[in-house]
Amino acid sequence: ARMIDKPACKPLKSTPKLADLDPSSFDAVFFAGGHGTCVDFPTDEVGAFIAKAAAADRVVAAVCHGPMSLVNAKGADGAPLVKGKKVSVFTDAEEGQVGLT
């Protein structure tokens, strides 16, 4: 049987969808890491949100596996948002060091 703390889950159920948020209403957007982000972040919805944040001259930041959020982010010209930029990410070598390759 699965235990569910209904009061603890209530705020999660009322979390707005990313597509319903206005990126320009934030000063910065931060994408945390973890292996789940490798599946959750490289989506058109996340890419569009980041593109809008960048177009609004907002800070976009990520750590660990969080840069997976940048995979579908495009600039106004349709090119990858990271084209010509230096990006730091969790490397394959680091994956190997923790035994997750």
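Me: What span should the 12 residues of helix H3 have, and how far apart are its end C-alpha atoms?
Reply: The model is a predicted one, and helix H3 covers residues 44-55. The expected span is 1.5 Å times one less than the number of residues, so the 12 residues of H3 should span 16 Å. The end C-alpha atoms agree with this expectation, as they are 16 Å apart.

Me: Which elements are included in what covers the buried residues of H3?
Reply: The buried residues of H3 are Val46, Gly47, Phe49, Ile50, Ala51 and Ala53. What covers them includes three elements from other parts of the chain, namely strand S1 (28-31), helix H2 (37-40) and strand S2 (59-62).

Me: Is Ser69 buried or exposed?
Reply: Ser69 lies in the loop between S2 and helix H4 (92-97). Leaving out residues up to four places away in sequence, Ser69 touches Phe31, Phe41, Val46, Gly47 and Ile50. A residue counts as buried when its relative accessible area is under 20%, and because the value for Ser69 is 1%, Ser69 is buried.

Me: How far is the backbone oxygen of Gly66 from a polar atom of the side chain of Ser69?
Reply: Phe31 is in contact with both Gly66 and Ser69, among other residues. Between Gly66 and Ser69 themselves, the backbone oxygen of Gly66 and a polar atom of the side chain of Ser69 lie apart by 2.8 Å.

Me: How many disulfides does the count come to?
Reply: A disulfide is a covalent bond between the sulfur atoms of two cysteines, and the cut-off applied to the pair of sulfur atoms is within 2.5 Å. The count comes to 0 disulfides. For Cys38, the nearest cysteine sulfur is that of Cys64, 8.3 Å away. Cys38 is partly exposed at a relative accessible area of 30%, and Cys64 is partly exposed as well, at 31%, while the number of disulfides is 0.

Me: What value does the phi of Asp57 take, and is Asp57 buried or exposed?
Reply: Most residues other than glycine have a negative phi. Asp57, which is not a glycine, has a positive phi, and its place is in the loop between H3 and S2. At 69% relative accessibility Asp57 counts as exposed, and its phi is about 60°.

Me: Where is Cys64 found?
Reply: Cys64 is a residue other than glycine with a positive phi, near 60°. As for its place in the chain, Cys64 is found in the loop between S2 and H4.

Technical notes
Residues are numbered from 1 along each chain as its sequence is written. This is a predicted model: local features need pLDDT of at least 70, side-chain atom pairs count only at pLDDT 80 or more; totals for chains, interfaces and linings use all residues. Side-chain values use heavy atoms; hydrogens and water are left out. Helices (H or I, at least four residues) and strands (E, at least two) are DSSP runs, numbered from the N terminus. Buried means under 20% relative accessible area, exposed over 50%, partly exposed in between (1.4 Å probe, protein chains only). Contact means heavy atoms within 4.5 Å. A polar contact is a pair of N or O atoms within 3.5 Å; within protein, one must be able to donate a hydrogen and the other to accept it, and residues adjacent in sequence count only if both atoms are side-chain atoms.
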